[in-house]
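Dear colleague,

My notes on it come after the display.

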Amino acid sequence: MTKKKGVSKDEPSFIELAKSNFKKMDKLLLLTTVILIIVGTLSIVSASSRETVVRYNYSMYYFFNKHLKILLFSLVACIIAILIPTKYYKILGPVAFLGITGLILSLFIIGSIKRGSQGWFSKGGQPSELAKPIIIIMIALLFDYYNNYIKKKKPFNWINYLIYFLLFGAVLPVITLMQGDMGTALLTVGISGIMLLTGPVSKQTTKKCIISIIILGIFGCFILEMSRGYIFSSEQIERLTEFINPCKKYEDSGYQICNGFIAMNDGGLTGLGIGKSRQKYSYIPDPHTDSIFAVIIEEAGLITGTFILLIYLLMIARILNISSRTKNVRNRYISFGIAVYLFLHIVFNLGGLLGILPLTGVPLPLITYGGSFTLSFLLSLTIVQRICIESKN
């Protein structure tokens with residue numbers, strides 16, 4: 001048979017490529033992802049059933065159906081993402097960063113206010129959620145670039161390193177904070193900060209960067225105080241302090257947290273039974289969002305809640321394992337950053353729910369209802385799987 005010019009007879013078909021990729025994926029990470037998706041989807045049905053009928057006058061399966069559509073769209077996006085080699089992130093990363101920056105800035109003009117934040121489009125969608133994996137990729141690319149200097153023992157200007165880090169890791173969180181979304185801003189800064197502390201540059205360079213960032217932060221607070229007369233609004237200060245003795249402020253800022261306590265206390269070890277939550281009946285606002293874990297414990301018990309936490313720990317362990325086995329600096333820090341992303345979301349959500357941290361509205365990965373975050377997090381896990389595939393090639 002004559003071989004066509006420019007076409008290899010060994011070139012795999014799409015199905016063969018899909019099979020090969022699936023074979024090289026981390027099966028434990030995939031399994032934990034599927035388990036959490038199932039748990040989250042079923043929990044959304046139960047937690048939102050009363051809210052949709054009484055408050056919104058929709059079918060009790062309204063949020064369940066919307067969540068299924070989000071999952072389907074995310075699946076298509078993940079299938080595309082897993083086929084893209086990470087070497088192309090050097091081009092796609094900056095393009096995505098510029099694009100998401102433009103979207104977030106446009107919200108100052110066309111954004112709608114939801115939960116006190118102007119970080120939403122009027123028909124739904126929160127670009128700041130999609131910014132998190134993009135920021136992780138850009139910081140990882142920065143580390144990869146400067147790691148070449150370190151390997152070749154070439155000196156580099158640490159101020160340039162700091163400027164690029166602030167550009168990729170701080171600009172979008174600051175804009176998000178200005179739009180009133182303190183939870184997303186703090187979490188994104190946390191991701192950037194932990195990545196900075198663990199970067200490939202010397203401890204001396206990292207120390208200089210940290211001191212410079214602290215000075216810039218103090219200067220920024222001074223500018224805010226001088227220009228508008230306050231650093232944080234009264235609503236933001238209330239958010240930062242409402243977790244202290246919340247049940248003493250039951251009629252005011254502590255209402256949601258205190259009812260979450262009641263839900264978890266009522267659930268005990270084994271729960272009241274699926275669908276039998278009492279606190280979802282107008283006591284916990286939007287129980288299918290950031291307080292869904294309290295409803296899960298109320299209905300399924302602390303044992304089920306502990307099982308979910310163990311699944312999260314296993315997921316983090318698998319991501320860190322993939323990161324440690326990756327020889328490529330870029331991919332190592334992308335995986336590590338996504339592990340931090342997952343960890344901080346769990347800490348912020350459960351910390352707020354348990355009254356240890358301020359309640360910031362940060363969603364619980366794959367459990368809480370939310371379109372932009374679900375898409376963002378599933379794409380992040382897909383990127384980790386792509387890195388796992390490449391490490392086995």
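This is a predicted model: local features need pLDDT of at least 70, side-chain atom pairs count only at pLDDT 80 or more; totals for chains, interfaces and linings use all residues.

Residues are numbered from 1 along each chain as its sequence is written, and side-chain values use heavy atoms, with hydrogens and water left out.

Overall form

The chain contains 14 helices and two strands; these are DSSP runs numbered from the N terminus, H or I of at least four residues for helices and E of at least two for strands. Its radius of gyration is 22 Å, close to the 21 Å that the globule rule gives for 393 residues, so the chain is as compact as a globular protein of that length. The radius is taken over C-alpha atoms, and the rule is 2.2 Å times the number of residues to the power 0.38. Along the principal axes, the C-alpha atoms fill a box of roughly 70 × 65 × 40 Å.

Of the 393 residues, 47% count as buried (under 20% relative accessible area; exposed is over 50%, partly exposed in between; 1.4 Å probe, protein chains only). Contact means heavy atoms within 4.5 Å. Among contacts between residues at least 6 apart in sequence, 72% join residues at least 24 apart.

The core

The largest nonpolar core has 79 residues, and Met 315 and Ile 319 have the most contacts inside it. Such a core is a set of buried Ala, Val, Leu, Ile, Met, Phe, Trp, Tyr and Cys residues joined through side-chain atoms within 4.5 Å. Helix α13 (residues 329-353) gives the most to this core, with 14 residues. Beyond its neighbours within four places in sequence, Met 315 is in contact with residues including Leu 29, Leu 36, Leu 342, Leu 366 and Phe 377.

Aromatic rings

Rings of Phe, Tyr and Trp (its six-membered ring) pair if their centres lie within 6.5 Å; planes under 30 degrees apart are stacked, over 60 edge-to-face and the rest tilted. By this rule there are 14 aromatic pairs. One of them joins Tyr 61 and Phe 64 edge-to-face, at 6.3 Å centre to centre and 65° between the planes. The centres of Tyr 62 and Phe 63 are 5.2 Å apart with the planes at 75°, so this pair is edge-to-face. Tyr 62 is partly exposed at 27% relative accessible area, whereas Phe 63, at 8%, is buried. Elsewhere, ring pairs link Phe 143, Tyr 145, Tyr 146, Tyr 149, Tyr 161 and Tyr 333 into a cluster.

Lys 27 lies over the face of Phe 22, 5.1 Å from the ring centre; the criterion is NZ of Lys or CZ of Arg within 6 Å of the centre and within 35 degrees of the ring normal.

Single residues

Thr 326 is found in the loop between α12 (292-325) and α13. Thr 326 is buried, with a relative accessible area of 5%, and leaving aside neighbours within four places in sequence, Thr 326 is in contact with Asn 331, Arg 332, Ile 387 and Ser 391.

Ile 150 lies in helix α5 (residues 127-151) and is partly exposed at 32%.

Ile 215, in helix α9 (residues 203-228), is exposed at 53% relative accessibility.

With kind regards
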